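Dear colleague,

Here is the structure I promised to pass on to you. Please open it beside this message, and then read on for what was found in it.

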Amino acid sequence: MNASLYNTIGQWWYVHGLPPWIFEAAWMVAMAALVTVFVLLSVLVLVWLERKISADLQSRVGPNRVGGRFGPLQTAADALKLLLKEDIFPAGADRVVFWLAPFVVFVPSLMVFMVLPFGERLAVNDLNLGVLFVVAVSAFPVIGLIMAGWGSNNKYAVLGAMRAAAQSLSYEVPLVLAMVCVVVFAGSLRVGDIVAAQREGGWFILRFPLQLAFLLYFITAMAEVNRVPFDLPEAESELVAGYHVEYSGMRFAFFFLAEFAHLFFVSAFCATLFLGAWQGPWLPPAVWFLLKSYAIVILIMWIRWTVPRLRIDQVMGFSWKLLVPLGLAAVVLTGIVKVW
Amino acid sequence: MIGSLWNVIWNSVFSGSFWYPLAFVCLSLGVLIPAVLVALSRNMVHAALWLLPCLVSVAGLYLMLGAELLAGIQILVYCGGIVVLILFAVMLTHGLGDPDVRVHNQQLLWGVVAAMAVAGVVLRLLSQEIWQSGPPVAVSEVTGRLADALLGPYVLAFEVVSVILLAALIGSIVIARGDAAPEPGADDSDAEAGE
Amino acid sequence: MIEELRSRFGEALLSAEQVGRELRVSVAAAALPEVAAFAKEHGFHYPADITAWDAGDELRVVYRLVDLASGEHLVITVPAPRSGARLPSLVPIFGGADWPEREIYDLFGVRFDGHPDLRRILLTDDWEGHPLLK
Amino acid sequence: MTTGLTPTEHITLNMGPQHPSTHGVLRLELELEGEVIVACRPIIGYLHRGIEKMAEARTYPQVLPYTDRLDYLSSSSNNMAYVQAVEKLLGLEVPERAKYLRVISLELNRIASHLVFLATFANDLGATTVFLYGMRERELIMDLFSMWAGARLTQSWIRIGGVGADIPDGFVDQALAFCRLMPKRLDEYDRILTGNRIFRARTEGVGILPPELGVNYGASGPTLRGSGVEFDVRRAEPYEVYGDLDFEVVTRPTCDCMGRYLVRMQEMRQSVRILEQCLKRLPEGEVRAKVPRVIRPPEGEAYGRVESPRGEFACYVVSDGSPRPARVRFRAPSFYHLSVLPRMLQGWKVGDAVAILGSIDIVLGEVDR
């Protein structure tokens, strides 16, 4: 549907002799807006899902009033409340940095969705360096976290920011190594090509050395989105709330949105890289895509509500002493298998 | 009259010849202004943060030259890695209570001399070269060619560099570790006070 | 035990009686550290409780040491004047005396010589007076 | 940790008095080097209500409700310590049934308190689900408490001379049902938490309390037993009917957070064992001895000692022969545990601070009094 719409409008445009790049740009802006709306709505669903899943795991009921028996509108109500709250700047905060931080976190977490194929040709822009784009853009939010922590003029926030920086630097390495395995296997950095490669030879998770890469990706992805057992930057019982301890209202909502958008992204990207993306029998591609993504999301939530939190040095040691060597081994192994 | 002017603008707007220089000027300013602010900021963290737009603009310049891979790596390594490291180091070593440090200007004289010297060399080089302007030649598949080059003729050099970098990484860890850190709780005073 | 204490400390031992498993002794302030050290040598390792009470004419500072092996209690009572009292601190002998001594200082105004960090503990630093005095 | 190259700056972090993991209004002044704790100063007194002073102006029975507010997670131990001291002064003998009921109350309270420990300790380490599991079972005990005392926390059910009222019909069956359920739930906790690799990595070898140091600082209860010292007031100086009951004093030699945790987990099983014995042996009869209308103990002093869930909880009562006590002093185990805390924290990380603080299971109500 997407492809045909693109062709129809595009043809009309060319026939009328208008410059093609305006059409391309407008198309991209429209798709980006669409994806943004989709992501924001997904976040509402995800937050609700997280509450319901955690409630179920903890033998509680969870949201059960707003919007019916299962509280589907609870998150929307909470979001509305956050919008209406007073915007507080802590005394002694670095106002500009404090003001800017939520956006530095939020915008990249939306940008990464631009290369994600929601279905066949259903990506905003399937860059030929898609994977690199994802890795590069995901490097930004951590700067936002540091800005938030430092700008708040709060020691807990600074500790949280330092943890975020250390953790993100450590886990980016195995994350990239895991992606390198996939890229080597697919022979392309373009996300579309990676999906195509899985159409021919089956899901990447089923091909020999890539199970290791999947495991690495899954673990590091949990660390990248700061989820238990890697939620140290915001460890509630230690640092109260970490880097966003001083944020309230709208600004807090931005962090929250970014966190869940990022969670959805890493899950969706996981499905794209390893689980054959939108491909699947009978159901429409977009449905398959969502099913797989949500399966990973639920898995991450399940883990979050089951295990305790690690200590910062254990987190770092885990990455440098185990994941990085494993990642290197995975890359070498993938190379060997590929050359064979 | 007005119509023809409008035509000129219209045509230039829709051809690369208007946008390309504009983007170049914007990105250049995006490099230069933050760079000056990095040097002049009194606040260490602000200085480190100003690096960010500076480096992103450099990545933008790479993009304009059709070097997407380089742009991506620029952002990944410099913004995601180096700036974070700098921020980390600043926050760890610098007092949290007093964010404003004096920018040390004792070496102002030498700084000016050095800057003038560099500027002279650069200007001389610039004046010698004949610069072509205009939109870049469309370079297709830079990445692919880069990959072919790295894994083809230069594979040995590539591997040697990788090994050297790995060795440097391990070496720096060994140096940074220093002596084995004392085990927590194994403080001697604890034991003697216990009895 | 009583005999040993008496022969060792003589005049400083004001009174001594055995009540059930409790050996209640009263000693002069000056002899307190020695008595405590002596008690510790004899197995009373555990400082169960250190407190004080205002008996009207004087303060009584009560040290309860317990021998965990035998279950015996040694209750050392030290009389002290109601104002300006100074006692030797037992912190070098019993780490557990640290906070209780601060508490006694806070609530009764007894100063402990040799205490490493004698500050108010329960009340705020700018509190005037010592509330548990009658 | 200073390697001499770049001295990192120490920062002082105030943990508390409002902080999710200080279990009340405790303030820890931590001096940090990066994440490593260089020094710690506990600052207390935020919850000081002057209960000891107030007690001097109340009659003996009137003091009792104040004791509920000390260690609010196990009010019956506080009641028991005070009542025991007063009964010693009076030389009062309590009916057999009341003694059994008191033990039932104490042990139920011990389980409830240890469940809160389990819940908060797990929560401090980030395992939020276990928090709600602990609270879920605690609720069953709270139901039992409301049956006999009408209150969940501040029971004041143990009174001078016996207990407040006899247990209602159906109590014994409900309590026995709880005793049957609890071991299964304990197995469940073990499955989700005790064997968890992350949990073990966070607790094993962390926060060492050497036994000599513990004894020297007056530590007691599970905190001391986790360091291998077999000291339990229920065994050392049996009160009520503990002397006739069959139970083990659980100790662990490891001296770490895990040791203290395991001691409490095992103690819950022992408490279930004690409860079952008491519920089955519960004799018929009076639940309250004859107590004079105005309690006027003879001049003297008494020391009531109880093994509370946190350790040796004691009450030192001095009587001057009047209807009001001359001095009531509460010996709170948490007070002593907090005073060793700086020793246990040194050299550990901020994340460990909450684990170690959680493992000594303090209640600020009894620390500040």
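Predicted model: local features only at pLDDT ≥ 70, side-chain atom pairs only at ≥ 80, totals over all residues.

Why is strand 5 of chain C largely enclosed by the rest of the structure? Of its 8 residues (73-80), 7 are buried, so the strand is largely enclosed.

Now to the way the chains meet. Among the 5 pairs of chains that touch, chains C and D have the most contacts between them, whereas no contact joins chain A and chain C, whose closest C-alpha atoms lie 25 Å apart.

Where chains C and D meet, 35 residues of chain D are in contact with 36 residues of chain C. The size of an interface is often given as the accessible area lost when the parts come together. For chain D and chain C the buried area is about 3000 Å², and carbon and sulfur atoms give 55% of this area. On the side of chain D, the residues that lose the most area to chain C are D:Asn216, D:Tyr303 and D:Arg327, which together account for 18% of what that side buries.

There are 4 salt bridges between chain D and chain C, and the side chains of C:Asp49 and D:Arg329 meet in a salt bridge with an N to O distance of 2.6 Å. Across the same interface, that of chain D and chain C, 14 residue pairs are in polar contact.

Several elements of chain D each supply at least two residues of the side that touches chain C, including strand 3 (36-43), helix 8 (211-216), strand 6 (300-308) and helix 12 (333-345). The largest share of that side, 4 residues, comes from helix 12 of chain D. Taken by residue type, the side of chain D that touches chain C divides into 16 nonpolar, 6 polar and 13 charged residues.

With best wishes

Conventions. Residues numbered from 1 in each chain as written. Chains lettered and ligands numbered in written order. Heavy atoms only, no water. Contact = heavy atoms within 4.5 Å. Buried area = accessible area lost by both parts, 1.4 Å probe. Polar contact = N/O pair within 3.5 Å; in protein donor to acceptor, adjacent residues only side chain to side chain. Nonpolar A, V, L, I, M, F, W, Y, C, P; charged D, E, K, R; others polar. Buried < 20%, exposed > 50% of the residue type's maximum accessible area, 1.4 Å probe, protein only.
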